[in-house]
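Notebook open, model loaded. I'll jot down what I look up as I go.

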Amino acid sequence: MNQSALEEFALDYDAARQRMVDAQIRPVQINDPRIISAMRDLPRERCLPAPLRPFAYADQSLEIGGGRVLTEPRIVGRMVQIAAPQPGQRALVVGAGTGYVPALLARLGLHVVALESDSALSTIGKAFCATEAPQVVWRDGDLASGDAAGAPFDLIVIDGAVRAIPQALPAQLADKGRIVCVVWPEGGVASASVAERTAQGVGIRPVFDVALPLLPELVPAPVFAF
């Protein structure tokens, strides 16, 4: 057994998961008992390649390749809480990565579609969900396009920061549906936000400031002026 395997064998992931909830989740006013219970139970380490698993419950986002991260636990918990998910609702996770957010929402009783464009990440996510949340439906495709065929959705979660919400997504919301994501405008402050369709367009309500990397695929192409 190599050193990495020995370290993983020695680590008590269940105990680390409970410490994560008690030290990172509950102190930031995540008080929905359903979310707390799901995060106590869901094995986050299985969303990571083996060398990163010992860091699964650290209070930081973890780089998983392609400019993408497994989002920090407290950010995930707070974003899911402001999303106010309800059992039976339909949810789309854009940038589903290695499957943690889709599985968490599925554990809360939602019907979840996970959209991912990176085949290496979705391979991990599909295997993770097959064990932990087999009801999650995976789609391979362009993140900015969403999943029009599966719409309408009561909830769309973008797992990563964006400069602006992709234009295709609001049209895929059900009546009274909402989009939860981190909006980080150029030169501005990144905020976890709730967006809803209104008569005037899309209304965005910032809820809390947060540090989360931009989703590379959804970064607007630079505009050159001559």
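Which strand holds Ser-193? I find Ser-193 in strand S8, residues 191–198. Helices (H or I, at least four residues) and strands (E, at least two) are DSSP runs here, numbered from the N terminus.

Ground rules before I go on. This is a predicted model, so I note that local features need pLDDT of at least 70 and side-chain atom pairs count only at pLDDT 80 or more, while totals for chains, interfaces and linings use all residues. Residues are numbered from 1 along each chain as its sequence is written, and side-chain values use heavy atoms, with hydrogens and water left out.

**Entry: Ser-193**

I looked up its burial: Ser-193 counts as buried, at 3% relative accessibility. The scale calls a residue buried under 20% relative accessible area, exposed over 50% and partly exposed in between (1.4 Å probe, protein chains only). A polar atom of the Ser-193 side chain lies 3.0 Å from the backbone oxygen of Ser-191. For contacts (heavy atoms within 4.5 Å), I leave out residues up to four places away in sequence; the list for Ser-193 then includes Ile-82, Ile-179, Cys-181, Ile-204 and Arg-205.

**Entry: helix H5**

How many of the eight residues of H5 are buried? Seven are, so the helix (residues 100–107) is largely enclosed by the rest of the structure. I wrote down the buried ones: Tyr-100, Val-101, Pro-102, Ala-103, Leu-104, Leu-105 and Ala-106. Just after H5, Gly-109 takes a positive phi of about 95 degrees.

**Entry: cavities**

I counted three cavities of 30 Å³ or more. On a 1 Å grid over the protein atoms alone, a cavity is a set of points where a 1.4 Å probe fits but cannot get out, and lining residues have an atom within 4 Å of a point. Grid points are joined across faces, edges and corners, and a volume is the space filled by probe spheres set on the points.

The largest cavity comes to about 80 Å³. Its lining has 14 residues, with Val-69, Leu-70, Ala-96, Gly-97 and Asp-159 nearest the centre. Strand S2 (68–70) and H5 are the elements giving two or more residues to that lining. S2 has the largest share, three residues. By type, I get seven nonpolar, four polar and three charged. Ala, Val, Leu, Ile, Met, Phe, Trp, Tyr, Cys and Pro go down as nonpolar, Asp, Glu, Lys and Arg as charged, and the others, Gly among them, as polar.

**Entry: salt bridges**

How many salt bridges are there? The count is 12, taking a side-chain nitrogen of Lys or Arg within 4 Å of a carboxyl oxygen of Asp or Glu.

Asp-22 pairs with Arg-40, closest N and O atoms 2.6 Å apart. Asp-22 is in helix H2 (residues 13–25) and Arg-40 in helix H3 (residues 33–41), so the bridge ties together parts 18 residues apart in sequence. Asp-22 is partly exposed at 42%, and Arg-40 is partly exposed at 22%.

Glu-132 and Arg-46 meet at 2.7 Å, N to O. This pair links distant parts of the chain, 86 residues apart: Glu-132 sits in helix H6 (residues 119–132), Arg-46 in the loop between H3 and strand S1 (62–65). Glu-132 is buried at 13%, whereas Arg-46 is partly exposed at 45%.

Last one: Glu-186 and Arg-163 form a salt bridge at 3.4 Å, N to O. Glu-186 is exposed at 68%, and Arg-163 is partly exposed at 22%.

Notes. On a 1 Å grid over the protein atoms alone, a cavity is a set of points where a 1.4 Å probe fits but cannot get out, and a pocket is an open set with protein on both sides within 12 Å along at least five of seven lines; lining residues have an atom within 4 Å of a point. A polar contact is a pair of N or O atoms within 3.5 Å; within protein, one must be able to donate a hydrogen and the other to accept it, and residues adjacent in sequence count only if both atoms are side-chain atoms.
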